[in-house]
Amino acid sequence: MTDVQPQVGVVMGSRSDWETLSGAADVLQDFEVPHECRVVSAHRTPQLLADYAAEAEQRGLRAIIAGAGGAAHLPGMLAAQTTVPVLGVPVASKSLNGLDSLLSIVQMPAGVPVATFAIGSAGARNAALFAVALLAGEEPRLCEALHAYRDAQAQRVYGEELS
Ligand SMILES: Nc1c(C(=O)O)ncn1[C@@H]1O[C@H](COP(=O)(O)O)[C@@H](O)[C@H]1O
């Protein structure tokens with residue numbers, strides 16, 4: 001989706017986070033939500049992060065899904081510099097299994113919110129579903145698609161047999 005104006009930004013601190021964040025991109029793809037995927041790091045590319053945050057609103061982004069691991073300052077530093085909603089995804093870290101990422105993202109000071117999701121791929125997928133829900137308020141087709149998604153999910157559970 002390169003030639004359409006992205007509505008959602010999916011950013012991550014490192015290329016190594018893609019295994020986790022690709023789940024968010026998959027969901028956005030399924031719902032046909034224009035999006036972009038970028039590597040942006042508060043630590044390694046602070047100027048790129050500042051520019052991305054500064055331009056997000058004017059570029060038409062309606063939500064930014066930001067995933068990072070360890071000292072995961074990316075979501076918070078984005079939220080500090082834009083009013084576009086930031087949805088934080090803690091990436092599982094090697095040393096602490098993502099508890100460090102989760103706490104880094106969730107413990108924001110009052111006044112600068114980051115909506116924080118579960119550690120790992122489930123969190124990434126849920127962040128994307130949340131972004132779809134944000135957009136669905138103004139896009140009836142997304143509202144219908146979300147209802148259909150939930151119905152299909154329920155049908156799969158109803159159909160499960162354990163023996
Ligand atoms: N937490 C951050 C930020 C940031 O918060 O800006 N930038 C990179 N990183 C994290 O460092 C971890 C290891 O990165 P490498 O695999 O590149 O060494 C990744 O999970 C990344 O999100």
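A residue counts as buried if 20 or more other C-beta atoms lie within 10 Å of its own, as exposed if 12 or fewer do, and as partly exposed in between. With that in hand, welcome to these close-up views of a predicted model.

**View 1. Ser14, a partly exposed residue in a loop.** Ser14 has 17 other C-beta atoms within 10 Å, so it is partly exposed. Look for Ser14 in the loop that links strand 1 to helix 1. Leaving aside residues up to four places away in sequence, Ser14 touches Val39 and Ser41. For a sense of scale, find Leu129 as well: 115 residues separate Ser14 and Leu129 along the chain, and their C-alpha atoms are separated by 22 Å.

**View 2. Asp17, a buried residue in the loop between strand 1 and helix 1.** Asp17 has 24 C-beta neighbours inside 10 Å and therefore counts as buried. Residues up to four places away in sequence are again left out of its contacts, which are Met12, Gly67, Ala68, Gly69 and Val91.

**View 3. Strand 1, buried along residues 8–12.** Five of the five residues here are buried, so strand 1 is largely enclosed by the rest of the structure. Both of its faces are covered, with Val8, Val10 and Met12 on one side and Gly9 and Val11 on the other. Strand 1 pairs with strand 2 (residues 35–39) in the parallel sense, over five bridges. Within strand 2, Glu36 is the bridge partner of Gly9. To get from strand 1 to strand 2, the chain passes through helix 1 (residues 18–30), and this β-α-β crossover is right-handed. Strand 1 also runs parallel to strand 3 (residues 63–69), joined to it by five bridges. There, Met12 has Gly67 as its bridge partner.

View 4. Ile65 is a handy landmark here, standing opposite Leu87 in strand 4.

**View 5. Ile65 and the largest nonpolar core.** This core has 45 residues, and those with the most contacts inside it are Ala24, Ile64 and Ile65. Several elements give two or more residues to the core, among them strand 1, helix 1, strand 3 and strand 4. Helix 5 gives the most, with six residues. Why might such residues sit together? In soluble globular proteins, nonpolar side chains tend to be buried together. Not counting residues up to four places away in sequence, Ile65 touches Val8, Val10, Ala24, Leu87, Val89, Ala127, Ala128 and Ala131.

**View 6. Helix 5, residues 121–136.** The 16 residues of helix 5 reach 22 Å from the first C-alpha to the last, close to the 22 Å expected at 1.5 Å a residue. Which residues of helix 5 are buried? They are Gly123, Ala124, Arg125, Ala127, Ala128, Ala131, Val132 and Leu135. An α-helix has 3.6 residues a turn, so residues three or four places apart point the same way. The cover over the buried residues of helix 5 includes strand 1, helix 1, strand 3, strand 4 (86–91) and helix 6 (140–158).

**View 7. Helix 6, a helix that is hardly covered.** How many of the 19 residues of helix 6 are buried? The count is zero. From its first C-alpha to its last, helix 6 reaches 27 Å, close to the 27 Å expected at 1.5 Å a residue. Even so, helix 6 is among the elements that cover the buried residues of helix 5.

Terms used
Residues are numbered from 1 along each chain as its sequence is written. This is a predicted model: local features need pLDDT of at least 70, side-chain atom pairs count only at pLDDT 80 or more; totals for chains, interfaces and linings use all residues. Helices (H or I, at least four residues) and strands (E, at least two) are DSSP runs, numbered from the N terminus. Two strands pair if DSSP finds at least two bridges between them. A crossover is right-handed if, with the strands pointing away from the viewer, the path from the first strand over the helix to the second runs clockwise. Two residues are in contact if their C-beta atoms, placed from the backbone, lie within 7 Å. The expected span of a helix is 1.5 Å times one less than its number of residues. A nonpolar core is a set of buried Ala, Val, Leu, Ile, Met, Phe, Trp, Tyr and Cys residues joined through C-beta atoms within 7 Å.
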